[in-house]
Amino acid sequence: MALFRHNGRKVVLTAPTGRAAQRMSQVCDHPASTIHRLLKFDPVTNGFLHSAKFPLDLDALIVDESSMVDVQLARDLFSAVPQGSTVILVGDRDQLPSVGAGRVLGDLVTTAVVPTIALSRLYRRADGSNITTIAHAINGGIAPEIPQPDGVTKTDAYFIPRPDAGEAALLIEKLVAEQIPKKFGFAAEEITVLSPTNRGDLGVLALNARLQNALNPCVDPEQEIETNQGILRLGDRVSQRVNNYQIDDHGVFNGDTGTISRVDKLRKNITVDLWDGRIIKYDFVQLNQLSLAYCISVHRSQGSEMPCVVLALHESHFMLLERQLIYTAITRAKRLLVIVGSRRALKLAAQRTDTLRRQTRLKPLIEQLVV
């Protein structure tokens, strides 16, 4: 960003999610937006205003969290870039691929025709961080040795074995509500629980119900509303589940989080203080777009970073245990990581790399075009 400014180039910053865009803006001291907002999505036509016929006005485009961009969105974005411009993709190909089709970043960095620079130092944590060491081991297919809490060992990553899923869920509840705030000084809103799946005792739905009752129990039935997703209560941490372009001038996007600041049970609406400072009012029909966010899926956590992560990792997650998933979960933690579950599940996740392998043709097509 500094280099482009120095050379008088017009540079635009963008990212797939609102959180990632905000982080870009903070770091670079320059406005950043989501890709959808940059291209000006039109919900009526289900397309974008900017395209090859009406390109963006820029000299350079920097895209953060590029691993989250699917092939269709990449097509739309690149189509809107004017000829002669510079495009820089920033991302981690070892994270989970996009929710949509393709593995755009992974394909591009393995082609011989796209210049690629791999950073060798992590800046999110200190050089001696055990979280970083664990992430490197996972990438190498090695099940890392993570210490158990013993009252003596001081580190930023712990593993607590609980082979029984019910016992693991109960421990996660106690860790978040009592033990981690007491022993490490984290506020409740600084702790995020991650799970590979939505279902089961160690899934997002069950863990959210536990954590809601532990962290924000009902004190007044008039301050809560029941939806298809469960009960939403004054003070709850919530997450947007779909893109909504009509609810606000700037839109609220899948993965945006906030806190419920007002509940009107009579009119069946709630008010959410969004993470970026906006105050959004949801009517009854829109309430089903929200879900509790004390625990979120690993996929939904992409593009975010959390001071403290508690990761549920168990053999009941068998079908989803895979290297990219566990790597993505571990690298969300900035200051503390606590994994609860089965060491066998950890070993299995570190060793499996082909469970979600995607068949794409982007790499050979690019190489054919360039040649």
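**Entry 1: the second largest pocket**

I looked up which element gives the largest share of the lining of the second largest pocket in this predicted model, and found that H8 does, with 5 residues. Helix H8 (204-215) is one of several elements that each supply at least two lining residues, and I also noted among them helix H2 (18-28), helix H4 (71-79), strand S10 (230-233) and helix H9 (298-301). The volume of this second largest pocket comes to about 1300 Å³, and 47 residues line it, of which Val99, Arg241, Asn254, Gly255 and Arg300 are the closest to its centre. Sorting the lining by class, I read off 24 polar, 16 nonpolar and 7 charged residues.

**Entry 2: the largest cavity**

I then turned to cavities, where the count gave 1 cavity of 30 Å³ or more, and the largest cavity has a volume of about 40 Å³. The residues that line the largest cavity are Ser66, Val69, Ala74, Leu77, Phe78, Leu89, Val104 and Leu105, and the elements giving two or more residues to this lining are H4 and helix H5 (104-109). H4 gives the most, with 3 residues, and I recall that H4 also supplies at least two residues to the lining of the second largest pocket. By class, the lining of the largest cavity holds 7 nonpolar residues, 1 polar residue and no charged ones.

**Entry 3: nonpolar cores**

Which residues touch the most other members of the largest nonpolar core? I found that Ile172, Ile180, Ile270, Tyr282, Val310 and Val340 do so, in a core of 41 residues, to which helix H7 (residues 165-184) gives the most, with 8 residues. Another core lies apart from this one and has 29 residues, including Ala157, Val309, Ile326 and Ala333. For background I wrote down that in soluble globular proteins nonpolar side chains tend to be buried together.

Is threonine 271 buried or exposed? Threonine 271, which has its place in strand S13 (residues 269-274), counts as buried because its relative accessibility is 11%, under the 20% cut-off. Beyond the neighbours within four places in sequence, threonine 271 is in contact with Thr259, Ile260, Ser261, Arg262, Ile279, Ile280 and Lys281.

Alanine 312 is found in strand S17, and at 0% relative accessibility this alanine also counts as buried. Not counting residues up to four places away in sequence, alanine 312 touches Ile172, Leu194, Ser195, Pro196, Leu202, Leu207, His317 and Val340; of these, Ile172 and Val340 are already in my notes on the largest nonpolar core. I also checked glycine 341, which is 29 residues from alanine 312 along the chain, and found the two C-alpha atoms separated by 6.1 Å.

**Entry 4**

An α-helix has 3.6 residues a turn, so residues three or four places apart point the same way.

Key: Residues numbered from 1 in each chain as written. Predicted model: local features only at pLDDT ≥ 70, side-chain atom pairs only at ≥ 80, totals over all residues. Heavy atoms only, no water. 1 Å grid on protein atoms, 1.4 Å probe; cavity = no way out; pocket = protein on both sides within 12 Å on 5 of 7 lines; lining within 4 Å. Points joined across faces, edges and corners; volume = space filled by probe spheres on them. Helix = DSSP H or I, 4+ residues; strand = E, 2+ residues; numbered from the N terminus. Nonpolar A, V, L, I, M, F, W, Y, C, P; charged D, E, K, R; others polar. Core = buried A, V, L, I, M, F, W, Y, C linked by side-chain atoms within 4.5 Å. Buried < 20%, exposed > 50% of the residue type's maximum accessible area, 1.4 Å probe, protein only. Contact = heavy atoms within 4.5 Å.
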